[in-house]
Amino acid sequence: MAPSSAQAPGPPAGRPSLAGATGASRPGELPAVHDALVGVALPALAVSARHAQLTGAGLEGVYLSGRRLLSRCVLRVAGREPVPLQGRSTASDRADFLGVVRTPGDTGPDPGLTVERSREADGTERITLRSSAPRALRLPVEIVLGTDLADLGAVAAGRPGPELSASVHGTGLRWTAPDGSAAAVMADPPPTDSLAAAGLLRWEAELAPGGTFTLTLRVRGERAARHPSAGAGRPGGHIFADTAAEGDDPRLGELLAASTDDLRALLQRDPAHPADVHLAAGVPWRCGPVTAEALWAARMALPLGTRLAVTTLRALARTQLRGAGLESGRIPGPLRDAGPHLPPRCTGVEATLAFPVVLAEARRWGLPEQDLTELLPTAERCLEWLRGALDAGGFVQESGPAGPARAETQAHAHRAAVLGADLLDACGRPGGEAWRGWARALRDRFRDRFWLEDPHGGRPALARTPDGRLLPYLGGWAAHLLDTGLTAGGRPAPGLLDKSQTERLAGLLTSPAMDSGWGLRGLGTKEPGYNPFGHRSGAVRVHETAVGVAGLAAAGYEAEAAALLRGIVDAAAAFDHRLPEMYAGERRTSGSRPVPHPAACRPAAVAAAAPLHLLTVLIGVRPDAPGRTVSLHPLRSAPLGEVRLSGLRVAGEPFAARVGRLGLGMVEEAASGLQLGV
């Protein structure tokens, strides 16, 4: 994945290999960010070490639209750097730090001065010195500032360039790059002394016994030429409804609050169409144009309302290829890593097949008619592209005529055909029955030609080559085979696998080779090429696990779904309830914790949306707003005890439901006239 402010497609191999925390030294490597505190309020973000000092190491700094505005912010009090005691993220856009300083008059082991720092995503920092000394203190306070005004991609590649010379500017300092871009830091109160050559601001802090001294730094940037993100502003919080989870397990409320906080932080405006927003795929590496991941996340966030789905679909619709030819109707997208056994996958094909699915499911949740009318033609063109995308064997493949057909892509295609057919029927458009027949034929071919028989009941193949050879490697991708989508009455659509194949897959997904105890591995431990840190070769990807939980629950395998659900909830607690996009597939043992992936995005769109999806599955909400019904199909084992979920939106109105300790569901709030379905 190419790290940049405008998400370049990156090399065909997909996600680069990893580097250490001090920066990358070889092409394709990324600095480690797993232990960094990342504050996000796109297009701004701040990357801090837990000791609070910005030293310019690795990705540390304050960024705006992919440009590092501040790389150095080192505090000294009485000539000493504070001893760091605690650093933590307290919100998606803020990190708080606590340290102490021993003053010259301190006796014994107890420090007399506490240093509190709070840094926001836009670089605003509040520093408070709090004295416990019995006497008045007069202390020099110094802050050394600096920047290289480097692009995020250059910083990640270990080539940020030299620090720039500063000039005194107002109540702070200013730096200007050769291209005319500039950054400035303003201080309040104004410093008593400024030394541009050293990037130094200095105050004389006077603290009465038990008193405090506070100063505030504000960072601002200027672009020589208008950046695509400039002037777009932050999307409003009203995109999402305020939702809450309560019940026997208090972690669920914290998890949902952190997840919706992260979703809000990842919102970006379309610069050319400021009324439209979409989610960045992940911070810090993928904050550019709308992607398939943004669409999958918008699908999982439908319980919060349909607006995000509408604006994400609208942004993708503007990129759809038009005109004649086989490519007409496809949504373009970059190539991404598909693991050790396949060539890179085309995320544009994924987005093309997801488009009619998300539109159809948004309608079930209560999509306004005018939005459906606007977006339906794009969905029809996606289906037309699908009609012409089959290879000689009758399968969809996206790696060129000599490439294999991936099982996951067949699942996306089948879902698009089934839900697309319902969409066409509902809108009075022709072709619905033909698409249902198309889906039946694909099901028959897949069950016959993608299933590997063995003495244990068989398994689905990862892919099928043009000469008919099956690639047998089992991984988290198989969860998508159980993702059917919702049809009329909130009922799950027909599955790609038959009953016995579904039962076998349920057992495989929850086997020790696939379930790490923290979630599904991207590749099973018994498969060649397994790597617990491999993006698609063994790491736990939160999105795939959430898809697996939903698919298993819909197919009736509640014990298996509950096991995966508990693993994700337990893992989230170890990450302070802010799930990264992935973490290592190391086996869970007694007393262990999930191992972070050093280059994982956190927050990431699909990981932030996954807890909402999981809680919706736990409660069992299945809406059909056009049919004026909503049904509840909770996990009857109530694996997390009693749970109440409120603040959802069904048919455009607030919705709340509860599942009790006996697994019985109850609707507590719903739109007027909405009936309880079966």
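**Helix packing and strand pairing in a predicted model**

User: In S34, which residue is the bridge partner of Arg-658?
Analyst: This is a predicted model, in which local features need pLDDT of at least 70, side-chain atom pairs count only at pLDDT 80 or more, and totals for chains, interfaces and linings use all residues. Residues are numbered from 1 along each chain as its sequence is written, and side-chain values use heavy atoms, with hydrogens and water left out. Strands are DSSP runs of E with at least two residues, helices are runs of H or I with at least four, and both are numbered from the N terminus. S33 and strand S34 (residues 665-669) run antiparallel and are joined by 4 bridges, where two strands pair if DSSP finds at least two bridges between them, and the partner of Arg-658 in S34 is Met-666.

User: How are helix H3 and helix H5 oriented, roughly parallel or roughly antiparallel?
Analyst: Helix H3 (residues 292-300) packs against helix H5 (residues 347-365) with the axes 9 Å apart and at an angle of about 20 degrees, the axes being lines fitted to C-alpha atoms over the stretch in contact and the angles running from 0 to 180 degrees between N-to-C directions. Because angles under 35 degrees count as roughly parallel, over 145 as roughly antiparallel, 65 to 115 as roughly perpendicular and the rest as oblique, H3 and H5 are roughly parallel.

User: Is Glu-384 buried, exposed or partly exposed?
Analyst: Glu-384 lies in helix H6 (residues 369-387). Buried means under 20% relative accessible area, exposed over 50%, and partly exposed in between (1.4 Å probe, protein chains only), so at 46% relative accessibility Glu-384 is partly exposed.
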